[in-house]
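Subject: Structure for you to look at, with notes

Dear colleague,

I am handing over the structure below, and the notes that follow it set out what was found there. Please read them with the model open beside you.

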Amino acid sequence: MAATPEKPAAATPRRKVSRHRGEGQWAVGHFTPLNANEQTKKDDDGLNVRTRIETIYSKAGFDSIDPADLRGRMRWWGLYTQRKPGIDGGKTAILEPEELDDTYFMLRVRIDGGRLTTEQLRVIGQISHEFGRDTADITDRQNIQLHWIRIEDVPEIWRRLEAVGLSTTEACGDTPRVILGSPVAGVAENEIIDGTPAIDEINARFIGTKEFSNLPRKFKTAISGSPLLDVAHEINDIAFVGVEHPEHGPGFDLWVGGGLSTNPKIGQRLGAWVPLDEVPDVWAGVIGIFRDYGYRRLRTRARLKFLLADWGTEKFRRILQDEYLKRTLVDGPAPERPVEEWRDHVGVHRQKDGRHYVGFAPRVGRVDGPTLKKIADLAEEHGSGRVRTTVEQKMIVLDVAEDQVDSLVAGLEALDLRVKPSPFRRGTMACTGIEFCKLAIVETKARGASLIDELEHRIPDFDQPITINVNGCPNACARIQVADIGLKGQLMLDGDGNQVEGYQVHLGGALGLEPAFGRKVRGLKVTAAELPDYVERVLTRFSKERETDERFATWAARASEEALS
């Protein structure tokens with residue numbers, strides 16, 4: 001019998017190598033658009049859509065809008081289609097864009113540095129009343145957003161805004177978004193340096209120009225000389241943080257690469273000290289790196305934080321100096337830890353000129369057109385006509401004389417705008433949510449407002465600083481990862497097996513004192529109906545277990561999972 005021949009050894013399977021044309025980085029010669037978004041931007045710059053809005057779409061109506069303009073370029077002018085009413089959160093991810101689109105728009109008014117005059121605030125309030133069904137939300141990026149805007153009304157709205165020095169230019173889109181600034185710049189007694197001149201110069205030189213109107217994705221900026229670190233600099237693409245250099249005096253510490261969403265990163269110091277007059281050039285260098293070296297192949301990696309993670313701070317600073325600034329930056333100190341827990345400027349505070357500024361808290365940033373006009377009236381009657389928005393969805397009236405403070409406070413309180421709010425009113429923020437946002441899964445604004453009421457009633461003696469951030473989806477517009485209690489909207493099953501709105505819970509996030517992302521306890525999800533019970537329970541445990549002067553974030557980091565459940 002013949003011997004059975006041996007089987008040949010099995011060949012090692014060859015790993016399939018994924019090939020693509022780089023990451024779409026312009027600086028290394030990859031100019032071919034690698035996705036639909038990049039193709040849309042190459043076909044026509046987003047800034048050009050304004051002409052079509054004014055000459056075609058506003059005259060012919062919503063159905064005349066080109067889809068590439070509707071869901072792309074119109075964002076360059078602060079316009080997003082809002083969510084069609086009646087679509088539940090379970091359909092957010094499965095419907096086509098045209099099925100989610102309403103025929104109305106959200107319009108974002110750009111407010112750099114949070115600076116408003118009463119004339120400007122009154123115009124926004126009137127636009128809200130006439131064109132936006134009295135909607136108005138103060139965002140955590142110092143903007144004001146309106147809803148129910150018709151395309152037919154947009155040119156008139158622009159005319160009114162621009163007549164008082166406001167704009168919606170690059171309020172959205174793959175552009176340099178609004179520049180955050182200390183809302184008490186130039187007036188606070190303890191200010192290290194006023195960054196307002198740098199904000200103004202960046203706006204004058206770069207915003208609305210083609211130089212930076214096609215970025216890989218959005219680019220977020222913060223500039224503040226406040227020792228309170230009041231602009232959430234840790235989670236911006238670029239931030240200039242006020243510091244005192246031992247040799248050169250007051251200037252800014254340079255941070256890059258912060259951001260949240262589904263892959264959160266705390267910004268990193270480059271170790272460079274920047275004087276005030278050099279801030280615009282350094283800003284242009286950093287955003288230039290993002291434009292030229294940023295990843296354009298995948299939208300999920302098209303933020304500066306991913307480039308910084310791959311390069312590291314040493315290489316990033318070297319490229320900035322060698323290729324963009326053509327000079328070496330001065331080494332500098334890190335910011336000092338802020339001495340106050342709250343960074344929102346709520347309450348009555350003395351200005352360096354002897355007058356006062358008065359910060360107040362709406363409910364989760366939601367106001368309306370008539371209220372904005374009444375705030376303008378109060379600010380004119382009791383102040384100098386200057387108003388500010390904050391990155392915590394709050395507002396401030398500046399330049400209030402000593403003998404006018406009590407009257408102003410009474411007027412604000414009569415509008416349910418609290419100058420001495422509870423920790424819950426002061427510390428709760430919410431994104432737009434399913435009411436208007438096409439990405440949202442659950443309700444946020446109304447739920448945040450009702451949660452405030454419940455907690456004020458249930459634990460009225462709670463007096464510790466606490467932040468509760470409510471987000472309608474995973475994109476973290478309300479900064480859930482850096483809140484004491486962060487609530488990420490999702491659908492879940494209740495005890496009876498019904499699909500209901502709920503939240504994944506993040507605990508112990510923080511900015512400022514010790515930046516950190518919140519802890520996720522395994523399996524910790526809370527239905528919307530159970531939310532007040534859960535928050536009351538965990539805050540009551542914190543009150544019982546906390547050590548002297550211990551913050552919630554510190555307690556949450558050491559607490560048992562049982563205590564947090």
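Five strands make up an open sheet in the order 3-15-16-13-12, and their pairing is antiparallel; two strands pair here if DSSP finds at least two bridges between them, and strands (E, at least two residues) and helices (H or I, at least four) are DSSP runs, numbered from the N terminus. Strand 3 (115-117) and strand 12 (347-350) stand at the edges and have a single partner strand each, so one side of each is left without a neighbour in the sheet. On average, and with direction ignored, neighbouring strands of this sheet are turned by 25° against each other, where axes are lines fitted to C-alpha atoms, for helices over the stretch in contact, and angles run from 0 to 180 degrees between N-to-C directions.

The model is a predicted one, in which local features need pLDDT of at least 70 and side-chain atom pairs count only at pLDDT 80 or more, while totals for chains, interfaces and linings use all residues. Residues are numbered from 1 along each chain as its sequence is written, and side-chain values use heavy atoms, with hydrogens and water left out.

Helix 12 (residues 405-414) lies across strand 12, strand 13 and strand 16, and runs at about 15° to strand 13. In the loop between helix 12 and helix 13 (423-427) one finds D416, which has a positive phi of about 65° although it is not a glycine. Most residues other than glycine have a negative phi. D416 is partly exposed, with a relative accessible area of 26%; the classes are buried under 20%, exposed over 50% and partly exposed in between, with a 1.4 Å probe and protein chains only.

A further open sheet has 5 strands in the order 1-2-5-4-14, again with antiparallel pairing, and its edge strands, strand 1 (79-83) and strand 14 (366-367), each pair on one side only. Strand 2 and strand 5 (residues 144-149) pair in the antiparallel sense over 4 bridges, and in strand 5 the bridge partner of F105 is I149.

The loop between strand 2 (101-109) and strand 3 holds G113, which is buried, with a relative accessible area of 2%. Leaving aside residues up to four places away in sequence, G113 touches Q142, I179, L180, G181, S182, P183, I199 and R388, a contact being heavy atoms within 4.5 Å. G113 and M492 are 379 residues apart in sequence, and their C-alpha atoms are 39 Å apart in space.

In the loop between strand 18 (468-471) and strand 19 lies A476, whose phi is near 65°, a positive value in a residue other than glycine; at 7% relative accessibility, A476 counts as buried.

Last come the cavity and a pocket. On a 1 Å grid over the protein atoms alone, a cavity is a set of points where a 1.4 Å probe fits but cannot get out, and a pocket is an open set with protein on both sides within 12 Å along at least five of seven lines, lining residues having an atom within 4 Å of a point. Grid points are joined across faces, edges and corners, and a volume is the space filled by probe spheres set on the points.

By this rule there is 1 cavity of 30 Å³ or more. The largest cavity is lined by S224, S226, L229, D230, V231, H233, F240 and V241. The second largest pocket has a volume of about 540 Å³, and of its 31 lining residues the closest to its centre are E341, W342, T467, D484 and L511.

With best wishes
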